[in-house]
Amino acid sequence: MTMQTSSLPPRALTVAGSDSGGGAGIQADLKTFAALSAYGMSVLTALTAQNTLGVQSVHAVPTDFITAQWTSVTSDLGVDALKTGMLASADVIHVVSKSLAAARSSTWITVDPVMVATSGDPLLAPDATRALVTELVPVADIITPNLPEAERMLAVAAGGNPEVHKIGSIQDMIQAARKLGKLGGAKYVLVKGGHLPLDRATLAPVSDADTSNDSVCMDVLLDVAADQVTQFCVPRIRTSSTHGTGCTLSAAITAVLARTPKASVPEAKQGDVVREAVRKAIAFTHRAIQAACEALGKGHGPLNHGFATHMSALEAGDVDVPEQEMVTASGGAPTGDLNKNGKDEQAGKVLALTGIGWRREASILSTPRSFLALLKNACSQEWHDYTNHRFVLGMGNGTLPVASFKHYLQQDYLFLTHFARCNALAAYKAHTMADVLFSAEIICHIGRESQLHIDYCAEWGIAKADLMQLPEARANMAYTRFTLDRGMSGDLLDLRAALAPCLFGYGEIAVNLNGSAATVKDHAQNPYWKWIENYAADDYQQACREGEVLIERLAIEYGVWHAPKRVEVLVDTFRKATLLEIGFWDMGWHIEW
């Protein structure tokens, strides 16, 4: 296929059925492409007589005409990324799969395994699911099944009833993604959790009818080759306007992927491109649901794909969302209050964080946010480098040089002393007795942890006397003095932002490693398994949850959501602290002083 050049817009193709009601199918796809500044094209596979109440009739497009449409588009206009939607029959899947296989090397391919409409009407012949699994999935870069679709695909692959593969938890979603990844071909699997409302605090499944519960939705993305799981958590919107949600999400992924020519991305970096496309697509879809008009139609209404058109000078591709992105392989509970919002009451505006900073946008929507998610998203590359450092991965698979770990372990003892000092400073900076006591309790916990650290060092042949005389490495000094300086020159929130990468990073790293198939989970075979267990344990994870409750509250009390310049400063602090954490890993890896 013709590749994108600088003079061309991103070119996105949808191979799917038509929805006469305009809420799903190619209509939703083309609206999404346009909203995300991609040039949209289509290959129709079926025509439906359809509205918000259901599908009244389906007219299949002859396969030779499907091929003719494909040839017309690809031979002239070129395609950077494409998606498939409703394919209706095994014959259509066979024809489309052959075309996709020829295009795969130069074109991003997203397969949305559409089987049933939101109304419950079937959109895929019963005998076609096997063709989808055996012919279409192998030529995809990413597949995007919802829970019923994932269950049905697994049942067909394994031979059995979908009920046997019932998905009822985040861990089930992760396991389903891994099983789908083993079908062969697809490099990334996105299992969508819209059918599984979860409790905001515990992530336990809740009843969809429980209107008293502030529930969330979780989508799980698996990088098959790396066995890396990324979870995306957004507040669940109670609405009947969900017709075309899956089409919109897969189309948004396609539109964002089309911005980056596939041939220009090394294989090792493609995961980063796909992860970012999924994040932006979830953001876009969430906002489109938020902005939907529930009065449109008598059934499941459509999304509002044009929600951003009224926004002054808005680059819709940079729209962010009240989301919490977590790189974790175990489905650990998200921390942070997903119900706080960034609404500017005085001006009647909403502050939206985009890829180029804060912009004030006219909107009637209240945008809930997580401050920690904001910090991590703003420093996503640094955060990834920190939590996926080769020192970290070496602990997981047991290949980290022992000398490197022992050097890190000794310096970490010295770090704990300064970490206690930082929390003593936090107590001084606090304005309430509750916050003073919170910091005091952390100091006491660090004191107990220091003794455990001494005992742990002894297991590695490091005597207490040697720890007491140990010189401090430059990376250690740089990091700890930076945090103390931020605390001295700023307020309590500045200090907590500087300390955040340490607290939350270790918790996330341990959960990642604990859930990764690449981790050697055996004390005899992996000397670092005990370290992983300690930070993945409930007590440390609870400390992370409590720490995030604090930082989210401080963000509100200190008026962060109304102060863009303050956000810039806090993001800068968080980024520098994260870079210093990377430096701490480098110090251990290279045994630097």
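Colleague: What makes Asn146 a cap for the N-terminal end of α5?

Modeller: In this predicted model, a side-chain oxygen of Asn146 lies 2.9 Å from the backbone nitrogen of Glu149. A polar contact needs an N or O pair within 3.5 Å, so at 2.9 Å the pair qualifies and Asn146 caps that end of α5. After the helix comes Gly159, with a positive phi near 80 degrees.

Colleague: Let's turn to Glu135 in helix α4. Why is Glu135 called partly exposed?

Modeller: Buried means under 20% relative accessible area and exposed means over 50%. Glu135 has 29%, which falls between those cut-offs, so Glu135 counts as partly exposed.

Colleague: What makes the pairing of Glu135 with His94 a polar contact?

Modeller: Their side chains come to 3.0 Å. The cut-off is 3.5 Å, so that distance falls inside the limit and the pair counts as a polar contact. Leaving out residues up to four places away in sequence, Glu135 touches Ile93, His94 and Ser97. Glu135 and Ser97 are 38 residues apart along the chain, with 6.1 Å between their C-alpha atoms.

Colleague: His305 sits in the loop between α8 and β11. Why is His305 called buried?

Modeller: The relative accessibility of His305 is 5%. That is under 20%, so His305 counts as buried. The side chains of His305 and Thr248 also make a polar contact of 2.8 Å. Beyond its neighbours within four places in sequence, the contacts of His305 include Gly23, Lys31, Thr248 and Phe284.

Colleague: Now for Gly588, in helix α19. Why does Gly588 count as buried?

Modeller: Gly588 has 0% relative accessibility, and because the limit is under 20%, it counts as buried. Setting aside neighbours within four places in sequence, Gly588 is in contact with Phe391, Ser404, His407 and Tyr408. Pro401 is 187 residues from Gly588 in sequence, and their C-alpha atoms are 9.7 Å apart in space.

Colleague: On to the strands. How do you know that β2 and β3 pair?

Modeller: Pairing takes at least two bridges. Six bridges join β2 to β3, so these strands pair, and they run antiparallel. Ala49 stands opposite Ser57 in β3, and the strands form a hairpin with two residues between them.

Colleague: What makes β4 and β5 a pair, and do they run parallel or antiparallel?

Modeller: Four bridges join them, and at least two are needed, so β4 and β5 pair; they run parallel. Lys83 has Thr110 in β5 as its bridge partner.

Colleague: How do you know that both faces of β5 are covered?

Modeller: Trp108 and Thr110 on one side are buried, as are Ile109 and Val111 on the other.

Colleague: What about cysteines: how many disulfides does the structure have?

Modeller: The search of the whole structure finds zero. A disulfide would need two cysteine sulfur atoms within 2.5 Å. Cys379 counts as buried because its relative accessibility is 0%, and Cys457 counts as buried because its value is 0%.

Colleague: What does the protein chain look like overall?

Modeller: Its secondary structure comes to 19 helices and 16 strands. Of the 593 residues, 57% are buried. The chain exposes about 23,000 Å², with carbon and sulfur atoms supplying 56% of it. Among contacts with a separation of 6 or more, 76% join residues 24 or more positions apart.

Notes:
Residues numbered from 1 in each chain as written. Predicted model: local features only at pLDDT ≥ 70, side-chain atom pairs only at ≥ 80, totals over all residues. Heavy atoms only, no water. Buried < 20%, exposed > 50% of the residue type's maximum accessible area, 1.4 Å probe, protein only. Contact = heavy atoms within 4.5 Å. Areas by Shrake-Rupley, 256 points an atom, 1.4 Å probe, with all protein chains shown as cover. Polar contact = N/O pair within 3.5 Å; in protein donor to acceptor, adjacent residues only side chain to side chain.
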